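Thanks for coming, everyone. I have one structure to walk through today. Please bring it up on your screens.

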Amino acid sequence: MFATLRRCGNRPVLVCPEAVIEEAAAPAVEPVLPVEYRAFCLLHQERYMRYTRERVQDMRMSQQVVGKALGNLAMIWPAVISSPRPAAVAWRMLNALISSEVRRLESQVEKPVDAVHHVLPPAQADAVILRCRLQLDDRQAAELMGVEASTVASQLLMAQRTMPGVLTAPLAGFCEAAHLPVDRARR
């Protein structure tokens, strides 16, 4: 089973399912998470939630997926933080969990849940979602994905080339033409 990240006041706490079962029998032990990990979670979790919600279209499921991703990340944090791009490791982990959930969902319904990822390669689809749906700038999207801002801009340009005619307008027109309206209520 995976641990999940929960809030205790203003700080995240790692909760192991096995620990919950044995809680009555043993005194409570609160694991101490590295300050870098807690800062990483606080910095990224809200945008991870928004991105995940865009892909799976379900709030509760989004919370579960992001919780699982951050819990899994905590388990391998020393390796993640020593990598050249910790955000890229976390982004890949989050995307793997989202993709698995999307496949499960799409096996149950006829209509695609994550249409952008059906039309474009993953990096291009991510750039479109982050820039058009979540209205992040190149720098913010790059920080979340663990890449350079120029990579996000390049992926967005490639998405525009993949869908000529639809995506040739400036970014605002591109989002409208691609039928990706910005839904401010979801922010």
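Let me start with a question. Which residues does Ala125 touch, not counting residues up to four places away in sequence? The answer is Val116, His117 and Leu120. Before we go on, one caution: this is a predicted model.

Stay with Ala125 for a moment. Ala125 sits in helix α7. Its relative accessible area is 0%, so Ala125 is buried. Now look further along the sequence, at Leu156. Ala125 and Leu156 are 31 residues apart in sequence. In space, C-alpha to C-alpha, they are 8.3 Å apart.

Now zoom out to the whole chain. How many helices and strands does the protein chain have? Ten helices and two strands. What order do the elements come in, from the N terminus on? The order is β-β-α-α-α-α-α-α-α-α-α-α.

Some totals for the chain. There are 187 residues, and buried ones make up 44% of them. Next, contacts. Take those with a separation of 6 or more: residues 24 or more positions apart account for 61% of them. Then the surface. The chain exposes about 10,500 Å². Carbon and sulfur atoms supply 58% of that area.

On to helix packing. Two packed helices are described by the angle between their axes and the distance between the axes.

Pair one is α3 with α5. Helix α3 covers residues 59–75, and α5 covers residues 86–106. The angle is about 145°, and the axes are 9 Å apart. The crossing is right-handed. Who takes part? From α3, we have Met61, Val65, Val66, Lys68, Ala69, Asn72 and Leu73. They meet Ala90, Met93, Leu94, Leu97, Ile98, Glu101, Arg104 and Leu105 in α5. By class, that contact has eleven nonpolar, one polar and three charged residues.

Met93 belongs to α5. Is Met93 buried or exposed? Buried, because its relative accessible area is 17% and the cut-off for buried is under 20%. Leaving out residues up to four places away in sequence, Met93 touches Ala69, Asn72, Leu73 and Ile76. One more distance for Met93. Val66 is 27 residues from Met93 along the chain, and their C-alpha atoms are separated by 9.8 Å.

Pair two keeps α5 and brings in α8, which is residues 138–145. At what angle do α5 and α8 pack? About 75°, with the axes 6 Å apart. That angle makes α5 roughly perpendicular to α8, since 65 to 115 degrees counts as roughly perpendicular. Here Ala87, Ala88 and Trp91 in α5 meet Glu143, Leu144 and Met145 in α8. The residues of this contact divide into five nonpolar, no polar and one charged.

Helix α2 runs over 35–56, and α7 over 122–133. They pack at about 110°, with axes 11 Å apart. So α2 and α7 are roughly perpendicular to each other as well. The crossing of α2 past α7 is right-handed. On the α2 side, the residues are Tyr51, Glu54 and Arg55. On the α7 side, they are Asp126, Ile129, Leu130 and Arg133. The class count for this contact is three nonpolar, no polar and four charged residues.

Last topic: backbone angles. Look at two glutamines.

First, Gln57. Where is Gln57 found? In the loop between α2 and α3. Gln57 has a positive phi of about 60°, although it is not a glycine. Its relative accessibility is 42%, so Gln57 counts as partly exposed.

Then Gln135. Gln135 lies in the loop between α7 and α8. Its phi is near 55°, again a positive value in a residue other than glycine. With a relative accessible area of 32%, Gln135 is partly exposed.

To recap the packing: α3 and α5 at about 145°, α5 and α8 at about 75°, α2 and α7 at about 110°. And remember, the model is predicted. That's it from me. Over to the group.

How values were computed: Residues are numbered from 1 along each chain as its sequence is written. This is a predicted model: local features need pLDDT of at least 70, side-chain atom pairs count only at pLDDT 80 or more; totals for chains, interfaces and linings use all residues. Side-chain values use heavy atoms; hydrogens and water are left out. Axes are lines fitted to C-alpha atoms, for helices over the stretch in contact, and angles run from 0 to 180 degrees between N-to-C directions. Helices (H or I, at least four residues) and strands (E, at least two) are DSSP runs, numbered from the N terminus. Angles under 35 degrees count as roughly parallel, over 145 as roughly antiparallel, 65 to 115 as roughly perpendicular and the rest as oblique. Contact means heavy atoms within 4.5 Å. Ala, Val, Leu, Ile, Met, Phe, Trp, Tyr, Cys and Pro count as nonpolar, Asp, Glu, Lys and Arg as charged, and the others, Gly among them, as polar. Buried means under 20% relative accessible area, exposed over 50%, partly exposed in between (1.4 Å probe, protein chains only). Accessible areas come from the Shrake-Rupley method with a 1.4 Å probe; for residues, only the protein chains shown count as cover. A crossing is left-handed if the near helix is turned anticlockwise from the far one by less than a right angle, and right-handed if clockwise.
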